[in-house]
Amino acid sequence: MLEIRSLSSGYGGPPVLDEVCLDLRPGEIVTVVGSNGAGKTTLLNTVAGLLRPVAGRILLDGRPIAGLAAEKIVRAGLSLVPEGRQVIAPLSVEENLLVGAYGRRDRRGAETLEAVYTRFPRLKERRRQAAGLMSGGEQQMLAIGRALMAGPRVLLLDEPSMGLAPLIVSEIFALLGDLNGQGIAVLLVEQNARKALALASRGYVLESGRIVLEGPAAALAASPAVLDAYLGAGAGTGRAA
């Protein structure tokens, strides 16, 4: 469904990503783990069209999307839930959700909005409230709901557990499993490597802009190198990209 080949990208200086190759197949949850500054956020932002790649290919359903405008990539079926939620604080919850449906060309926005409210009852209860007044967990739900408003087939998530209480993190991860069960492929960048590898079917380890390990998530979770770097004492306690 999503193919990344020899992708290099950055911010105008030396590339942050160096010939990254990655696959996301239909029905999968794939996670990318790595230390602070490894390039995980750069990877997602490039795939989502927020950064132009320096080199390489990105294919969605076999069609090239590298370098397309972000709104065209959303219309093609790929949505990003960005790091730090990035809700529009002065707008209401419902207005934030409607922003997510802005580029839709079908007429199912109202139907999708009701589906989001069914999935997130707290958002419906607070639909007239300013998004900036919500808790961190509620804002994360809003960010995911906003991405779902575009009707994606591929969902990219950047550090969805960051800054959230453990109970809310478990709720978010259960939601991702549920969404995947309904046919949405998920590419997950996550600071909590233990939870990410437990949820995903496959994983990649990104270090200094390069993929250094890949394989079944269970095998990565048992790898001594991954255990030492990401699953030891302090794993999942604040790593970010």
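This is a predicted model: local features need pLDDT of at least 70, side-chain atom pairs count only at pLDDT 80 or more; totals for chains, interfaces and linings use all residues.
A helix crossing is called left-handed if the near helix is turned anticlockwise from the far one by less than a right angle, and right-handed if clockwise. Residues are numbered from 1 along each chain as its sequence is written, and side-chain values use heavy atoms, with hydrogens and water left out.

Helices (H or I, at least four residues) and strands (E, at least two) are DSSP runs, numbered from the N terminus. Helix α3 (residues 93–100) packs against helix α4 (residues 109–119) at about 125 degrees, with axes 11 Å apart. Axes are lines fitted to C-alpha atoms, for helices over the stretch in contact; angles run from 0 to 180 degrees between N-to-C directions. The crossing of α3 past α4 is right-handed. Glu94, Leu97 and Leu98 of α3 meet Leu113, Val116 and Tyr117 of α4. Contact means heavy atoms within 4.5 Å.

An open sheet holds four strands in the order β2-β1-β4-β5, with antiparallel pairing. Strands pair if DSSP finds at least two bridges between them. β2 (17–24) and β5 (63–64) are the edges; each has a single partner strand, so one side of each lacks a neighbour in the sheet. Five bridges join β1 (residues 2–9) to β2 in the antiparallel sense. Glu3 has Asp23 of β2 as its bridge partner. Helix α1 (residues 40–47) lies across β1, β2 and β4 (55–60), at about 115 degrees to β1.
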